Amino acid sequence: MSPTTVSDRRTHDIACMPADGIGPEVISAGVEVLKAIASADGTFDLTFEDYDWSSETYKKTGKYIPDGGLERLKKHDAIFFGAVGAPDVPDHISLWGLRLAICQPFQQYANVRPTKILRGTQSPLRNARPGDLDWVVVRENSEGEYAGQGGRSHRGMPWEVSTEVSIFTRHAVERLIRFAFETAQSRPRKHLTVVTKSNAQRNGMVMWDEVAAEVAKDFSDVTVDKMLVDAMTCRMVLQPKSLDTIVATNLHADILSDLAAALAGSIGIAPTSNLDPTRQNPSMFEPIHGSAFDIAGKGVANPVGTFWTAAEMLRWLGEKNAADVLLECTEKVCESGTVTADLGGSAKTADVTRAVCEEIRKAYAVSTKSES
Ligand SMILES: NC(=O)c1ccc[n+]([C@@H]2O[C@H](COP(=O)([O-])OP(=O)(O)OC[C@H]3O[C@@H](n4cnc5c(N)ncnc54)[C@H](O)[C@@H]3O)[C@@H](O)[C@H]2O)c1
């Protein structure tokens, strides 16, 4: 899974899994900009293999992932994922059948969700401007409330019982909190907010707080504060500038990161990386949004979240310069006003994609000119 070198160019092998709803629209746009950047950059190649695992496959075969599928998937350097979910398949079947069925066995335990107000876009917060909201939410991605523990007895009876048991292990909490501290340390402000609910949830959440306090001792250059998740929603809305890196459980950070994306302007702009920091398995990169079947097939899905996702994937693969250029070009296009309806514009997915590809070509033409 390390980049292979053909002559002096690096090659990264990507598994593409568009899945459902607007997934295929945004992933094909993402592949277009990735091809544009690899070709303009000229120092690396990307190869793509398509995986048609989706709710359609599930309806035909009874399985999202065919037998032996994960073994095949494991040979790639990264997975570029769209979204899973269809109106005629219960959401818990689709989520557990595909996305969680990849994240959990591949130990992609760190879910990383950066959010900022892109230039040219507007936050629904009256006074927030680009630079005022610049956060990274680090979400525990392997256990917690989504551990899959629990069950149902006496189905349909008035005395039916159902349990949804949250699992917090010291091992998983510590590795994730350590990852969050490292993330905070790599950012200019070096500030981490640890979010729990340790007043009401007095076991697992108290252990989170304790582990965070222990790990903090190894990061003396990172400032830390602690919030209860309910108060955190108010702080995100009322004092966005006071936050930088945020760490929370699987459920809490899932909710907070959607709020973060909406506060930055739209759920259509934010990326997600599901990382196996040990690099023993491929990591998976996806826009934060779902399959949005209300707009699927109309060509209006905002591809910006997928472009930012593609940039994060390049960064993980070691292509930092290309990642920076891709994000900057995407932001320039937003600034120029070529934005989809969710950001107040009238551009289609294809218009934004074309404009970003054009910006990429311009960016590299300028850098080649200044080198010669
Ligand atoms: N990671 C995933 O695969 C994932 C994540 C969230 C939801 N889902 C699934 O997606 C399906 C729909 O879920 P939902 O409606 O709660 O969330 P959603 O993110 O799909 O949509 C919420 C709203 O945001 C809009 N939206 C989302 N992405 C957009 C984009 N790129 N451009 C413009 N508008 C966009 C939608 O039109 C919708 O109005 C469900 O089946 C759910 O389980 C999957």
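**A walk from strand to core**

Begin at Thr196, which stands opposite Leu228 in S10. This is a predicted model, in which local features need pLDDT of at least 70 and side-chain atom pairs count only at pLDDT 80 or more, while totals for chains, interfaces and linings use all residues. Residues are numbered from 1 along each chain as its sequence is written.

Next select strand S9 (residues 191-196) and strand S10 (residues 223-228), which pair in the parallel sense over 6 bridges; strands are DSSP runs of E of at least two residues, helices runs of H or I of at least four, both numbered from the N terminus, and pairing requires at least two DSSP bridges. Within this pair, Val194 has Lys226 of S10 as its bridge partner.

S9 is largely enclosed by the rest of the structure, because 5 of its 6 residues are buried (20 or more other C-beta atoms within 10 Å of a residue's own, with C-beta atoms placed from the backbone).

For the last stop, select Val33, Ile79, Phe80 and Leu326, which touch the most other members of the largest nonpolar core, a set of 106 residues (buried Ala, Val, Leu, Ile, Met, Phe, Trp, Tyr and Cys joined through C-beta atoms within 7 Å). Helix H1 (residues 23-41) gives the largest share of this core, 9 residues.

Key:
Buried ≥ 20, exposed ≤ 12 C-beta atoms within 10 Å, placed from the backbone.
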